[in-house]
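Have the sequence and the model open as you read.

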Amino acid sequence: MVTFDSFTRIKNDINGNPRYVCHFTHLSSPVDVDANVSERYSLALARARAIGGKKYHTKGYGGGIVFQSYSLQDTCNSINKIIGA
């Protein structure tokens, strides 16, 4: 289950919209246990893209997925719905 603690606040985008990043493992479902890391990342990224997430390209946060959100609670609810938590 994804909660507020799963996210890290990062700098706003160029338009001033708030952004949050979480690790791809928070978007993994129990069904993904048998997949290797690369497959799990691809599946998590596909799930994130369905609700507006994108890859987070930094050296300091490997495997991150970024969401632009004014309501982190709605983002958490969407992720929990998509992974079946």
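## Strand E4 and its partners

In which sense do strand E2 and E4 pair, and over how many bridges? Strand E2 (residues 19-23) runs antiparallel to E4, with 5 bridges between them. Strands here are DSSP runs of E with at least two residues, helices are H or I runs of at least four, and both are numbered from the N terminus. Two strands count as paired if DSSP finds at least two bridges between them.

Before going further, a word on ground rules: this is a predicted model, so local features need pLDDT of at least 70 and side-chain atom pairs count only at pLDDT 80 or more, while totals for chains, interfaces and linings use all residues. Residues are numbered from 1 along each chain as its sequence is written, and side-chain values use heavy atoms, with hydrogens and water left out.

Back to E4, which also pairs with strand E3 (residues 54-56), again in the antiparallel sense, over 3 bridges. Take Val66 in E4: Val21 has Val66 as its bridge partner, and so does Lys54. E4 itself (residues 64-68) is mostly covered, with 4 of its 5 residues buried. Buried means under 20% relative accessible area, exposed means over 50%, and partly exposed is in between (1.4 Å probe, protein chains only).

## Aromatic pairs

Searching the whole structure turns up 3 aromatic pairs. Rings of Phe, Tyr and Trp (its six-membered ring) pair if their centres lie within 6.5 Å; planes under 30 degrees apart are stacked, over 60 edge-to-face, and the rest tilted. One of the pairs is Phe7 with Phe67: the centres are 6.2 Å apart and the planes at 75°, so this pair is edge-to-face. Phe7 lies in the segment before strand E1 (8-10) and Phe67 in E4, so the contact ties together parts 60 residues apart in sequence. Both Phe7 and Phe67 are buried.

Tyr56 and Tyr61 are edge-to-face too, because their planes sit at 70°, with ring centres 6.3 Å apart. Tyr61 counts as partly exposed, at 22% relative accessibility.

## The cysteines

How many disulfides does the structure hold? The count is 0, taking a disulfide as a pair of cysteine sulfur atoms within 2.5 Å. Cys22 is in no disulfide, and the nearest cysteine sulfur, in Cys76, is 8.5 Å away. That is too far for a bond. Cys22 is buried at 0% relative accessibility, and Cys76 is buried at 3%.
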